[in-house]
Amino acid sequence: MKNNYSLAERNRIVEENLYRIKNTIRRNRALMDAAHLDYDDVYQQLAIRLIRCVEGFDPEKGELGAHITAQLQYELLNCKDSRRRYGFTCAPRDLRGAVISLNECPELAAA
């Protein structure tokens, strides 16, 4: 059964757990550096995931803190996904270096 948090209660829980975002980023700093991820972008994505995580939490399935930590870790791994990094919705998962010259783009060459 899904939780029945009011909006004010949800916001309070989210504010109390904002430190988990910083902890997740700190634990995965090497990953962020290797993937060239911006701190502010990652923080924003994790904050959105935290809000959705609290909204969709089912108390019968476990502890809220463990659920939040796991969800934030999954979201951080999604942040390094090429689809999110380059903004391509149909891009393959292993896309790297998606930069081409504008001269090689046939749609722009014809214009």
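A polar contact is a pair of N or O atoms within 3.5 Å, of which, within protein, one must be able to donate a hydrogen and the other to accept it. The legends below use the term in this sense and refer to a predicted model.

**View 1. Overall arrangement of the chain.** The chain holds 7 helices and 0 strands. From the N terminus on, the order of elements is α-α-α-α-α-α-α. Of the 111 residues in the chain, 31% are buried. Among contacts between residues at least 6 apart in sequence, 59% join residues at least 24 apart.

**View 2. Packing of helix α4 against helix α5.** The axes of α4 and α5 lie 9 Å apart, and the two helices pack at an angle of about 140°. That angle makes α4 oblique to α5. The crossing in which α4 passes α5 is right-handed. On the side of α4, the residues that meet α5 are Val42, Gln45, Leu46, Arg49, Leu50, Cys53 and Val54. Their counterparts in α5 are His67, Ile68, Gln71, Leu72, Tyr74, Glu75, Leu76, Asn78 and Cys79. By class, the residues of this contact divide into 10 nonpolar, 4 polar and 2 charged.

View 3. Glutamine 71 belongs to helix α5. The relative accessible area of glutamine 71 is 19%, and the residue therefore counts as buried, the cut-off being under 20%. A polar contact of 2.6 Å joins its side chain to that of arginine 49. When residues up to four places away in sequence are not counted, glutamine 71 touches Arg49 and Cys53. Both Arg49 and Cys53 are listed among the α4 residues that meet α5.

**View 4. Packing of helix α1 against helix α4.** Helix α1 spans residues 7–16 and packs on α4 at an angle of about 130°, with the axes 10 Å apart. The two helices are therefore oblique to each other. α1 passes α4 in a right-handed crossing. Arg10, Ile13 and Val14 are the residues of α1 that take part, and they meet Leu50, Ile51, Val54 and Glu55 in α4. This contact comprises 5 nonpolar, no polar and 2 charged residues.

View 5. Arginine 10 is found in helix α1. With a relative accessible area of 15%, arginine 10 is buried. The side chains of arginine 10 and glutamate 55 are joined by a polar contact of 2.4 Å. Leaving aside residues up to four places away in sequence, arginine 10 touches Tyr5, Ile51, Val54 and Glu55. Of these, Ile51, Val54 and Glu55 are among the α4 residues that meet α1.

**View 6. Lysine 61 in the loop between α4 and α5.** Lysine 61 lies in the loop that links α4 (39–55) with α5 (64–79). The relative accessible area of lysine 61 is 72%, so the residue is exposed, the cut-off being over 50%. A separation of 9.7 Å lies between the C-alpha atoms of lysine 61 and lysine 2, which are 59 residues apart along the chain.

How values were computed. Residues numbered from 1 in each chain as written. Predicted model: local features only at pLDDT ≥ 70, side-chain atom pairs only at ≥ 80, totals over all residues. Heavy atoms only, no water. Helix = DSSP H or I, 4+ residues; strand = E, 2+ residues; numbered from the N terminus. Buried < 20%, exposed > 50% of the residue type's maximum accessible area, 1.4 Å probe, protein only. Contact = heavy atoms within 4.5 Å. Axes fitted to C-alpha atoms, helices over the stretch in contact; angles between N-to-C directions. Parallel < 35°, antiparallel > 145°, perpendicular 65-115°, else oblique. Left-handed = near helix turned anticlockwise from the far one by under 90°. Nonpolar A, V, L, I, M, F, W, Y, C, P; charged D, E, K, R; others polar.
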